[in-house]
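Hello,

Once you have had a look, please read on for what turned up in it.

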Amino acid sequence: MDSYCGARTAVIVGAGVAGLAAGTALAREGWQVEIAEVDASTAMSGWGLCLTGPALRALDELGLADACLAEGFGTSGITHTDVEGEPAGEVPLPRLIGARRPAMAGIARPVLHRILRVAAERCGVVVRRGLTVTAVDQQGELVRVRLSDGTLRRVALMVGADGIRSSARRLLGLETSPVYQGQMVWRALVPRPSWATGVHRFAGKADTAGLVPISDGQAYVFLTENGAEQSVLPDADLAPRLRQLLGAFPGRVEEILPLVSVPESVVRRPVLTVLLEGAWNRGNGVVIGDAAHAPAPQTACGATLAIEDGLVLARELGRHQSVREGLHAFVSRRGQRCRTLVETSVAIAGLERAQRHRDVYPLVDACHRLMAEPV
Ligand SMILES: Cc1cc2nc3c(=O)[nH]c(=O)nc-3n(C[C@H](O)[C@H](O)[C@H](O)COP(=O)(O)OP(=O)(O)OC[C@H]3O[C@@H](n4cnc5c(N)ncnc54)[C@H](O)[C@@H]3O)c2cc1C
């Protein structure tokens with residue numbers, strides 16, 4: 001059955017950070033939104049995430065920064081430690097949501113997703129799980145979307161927010177592929193050491209590592225492994241291998257090392273980037289978040305860009321008469337910022353692979369400065 005949904009109706013593909021933020025922002029502008037999420041379960045797995053100042057600012061616009069700060073761990077700066085294990089300076093971060101609120105927060109990924117999902121559903125967004133999109137075609141001012149349960153929707157807008165390997169992108173005929181940056185990133189959940197009240201970064205001779213508190217009781221360890229082959233290790237090898245890599249770092253990392261003991265709490269992922277050249281839309285379909293622009297995780301800005309996309313998309317659609325005009329305005333407002341961040345993250349990955357860690361700091365600073373600019 002072809003169900004006509006009408007003007008100001010949208011189907012979003014993917015209930016990740018981008019899809020849920022866009023759903024909430026659109027619903028608040030009066031759109032009727034349905035999200036098709038391929039994952040049938042709400043029990044999202046995952047480790048921690050850094051919500052930098054710009055992420056908190058974007059979440060604040062959705063009314064969600066305080067909820068994230070209440071369940072996460074607010075911090076005010078980054079403590080750097082050099083290759084010898086000696087302190088190498090504290091970098092205070094700008095407080096973009098006010099002098100009395102933290103500059104940044106660590107949060108468990110499932111907690112952030114729950115906060116975003118509950119907010120979206122409260123605004124009337126319908127999230128359908130175990131469902132994807134199998135075909136998309138433009139019909140005049142509407143877009144016809146076929147879902148994997150065989151039903152059809154004729155809506156004014158289709159948003160592909162289905163991540164770095166986006167199917168929606170392919171269905172819209174927008175071609176790009178993730179690029180492997182020659183690095184594997186590790187994350188492990190550990191009990192929070194009492195001294196970890198901010199983000200700690202440790203420079204190593206070959207790799208970089210760090211610690212981010214995400215609640216009173218928990219933190220996550222991160223490590224970027226340079227020059228590694230893109231491969232999958234057996235689960236049983238993950239914790240011992242991460243301990244071995246951390247063993248190369250002096251100083252406080254030695255205290256963290258024995259905390260990496262629960263195999264299920266360790267993940268290893270390839271560093272992949274995506275940058276969609278040209279327009280991100282075809283007709284009334286558009287891709288946002290990692291589907292359009294995925295920076296390497298070292299810049300900790302992918303989720304921020306995804307949330308900002310949702311806000312700007314809703315704003316531009318509200319300002320323009322037609323969906324197409326709104327989408328053109330959206331893409332032109334977002335293009336340069338996202339391109340610069342992805343390209344800078346690729347440059348950072350290259351410098352890290354060449355073990356030029358000192359040259360990385362100005363680029364990370366440049367990312368923070370660019371992200372702090374108004375959206
Ligand atoms: C190891 C690592 C650490 C990171 N750390 C940070 C950090 O500290 N701070 C930060 O800002 N960013 C970080 N990022 C980047 C951040 O995770 C991403 O940029 C962000 O999650 C992108 O959101 P998204 O919604 O576009 O995509 P995703 O989060 O990937 O969500 C996509 C959603 O779409 C669903 N989906 C996929 N395919 C389909 C389909 N065919 N049909 C329907 N649904 C589908 C998925 O199940 C998922 O729910 C990190 C990334 C990695 C890999």
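**Helices, domains and ligand**

Helix 2 and helix 8 pass each other in a left-handed crossing. Before going further, please keep in mind that this is a predicted model.

Let's stay with that pair for a moment. The axis of helix 2 (residues 53-61) comes within 9 Å of the axis of helix 8, and the two cross at roughly 30°. Helix 2 and helix 8 are therefore roughly parallel to each other, because angles under 35 degrees count as roughly parallel. On the helix 2 side, the contact is made by Pro54, Ala55, Ala58, Leu59 and Glu61. Helix 8 answers with Ala303, Thr304, Ile307, Glu308 and Leu311. Sorted by class, this contact has seven nonpolar residues, one polar and two charged.

Helix 8 also meets helix 1. Here the axes of helix 1 (residues 17-28) and helix 8 (residues 302-319) come within 8 Å, crossing at roughly 25°. That angle makes helix 1 roughly parallel to helix 8. The crossing of helix 1 and helix 8 is right-handed. From helix 1, the residues in contact are Val17, Ala18, Ala21, Ala22, Ala25, Leu26 and Arg28. From helix 8 they are Ala303, Ala306, Ile307, Asp309, Gly310, Leu311, Leu313 and Ala314. The contact of helix 1 with helix 8 counts 12 nonpolar residues, one polar and two charged.

Which residues of helix 1 meet helix 4? They are Val17, Leu20, Ala21, Gly23 and Thr24, and their partners in helix 4 are Leu116, Arg117, Ala119 and Ala120. Helix 1 packs against helix 4 (residues 109-122) at an angle of about 30°, with the axes 8 Å apart. That makes helix 1 roughly parallel to helix 4. The crossing of helix 1 and helix 4 is left-handed.

Now for the domains. The domain assignment gives domain 1 as 2-71 + 105-178 + 273-372, and domain 2 as 183-271. Taken over C-alpha atoms, the centres of domain 1 and domain 2 are separated by 28 Å. Where they touch, 14 residues of domain 1 are in contact with 19 residues of domain 2. On the domain 1 side, strand 3 (48-51), strand 7 (104-108) and helix 9 (323-353) each supply at least two residues. That side of domain 1 divides into seven nonpolar, five polar and two charged residues.

Finally, the ligand. How many residues lie around the ligand? There are 33, and those that come nearest are Gly14, Gly16, Gly163, Gly289 and Gly302. At least two residues of this shell come from each of helix 1, strand 2 (32-37), strand 3, strand 12 (179-191) and helix 8. Helix 8 gives the largest share, with four residues. Domain 1 and domain 2 each contribute at least three residues to the shell around the ligand. By class, the shell has 18 nonpolar, nine polar and six charged residues.

You can follow helix 8 to its contact with helix 1, to its contact with helix 2, and on to the shell around the ligand.

Happy exploring!

Terms used:
Residues numbered from 1 in each chain as written. Predicted model: local features only at pLDDT ≥ 70, side-chain atom pairs only at ≥ 80, totals over all residues. Domains from an automatic or database assignment. Contact = placed C-beta atoms within 7 Å. Nonpolar A, V, L, I, M, F, W, Y, C, P; charged D, E, K, R; others polar. Axes fitted to C-alpha atoms, helices over the stretch in contact; angles between N-to-C directions. Parallel < 35°, antiparallel > 145°, perpendicular 65-115°, else oblique. Left-handed = near helix turned anticlockwise from the far one by under 90°. Near = placed C-beta within 6 Å.
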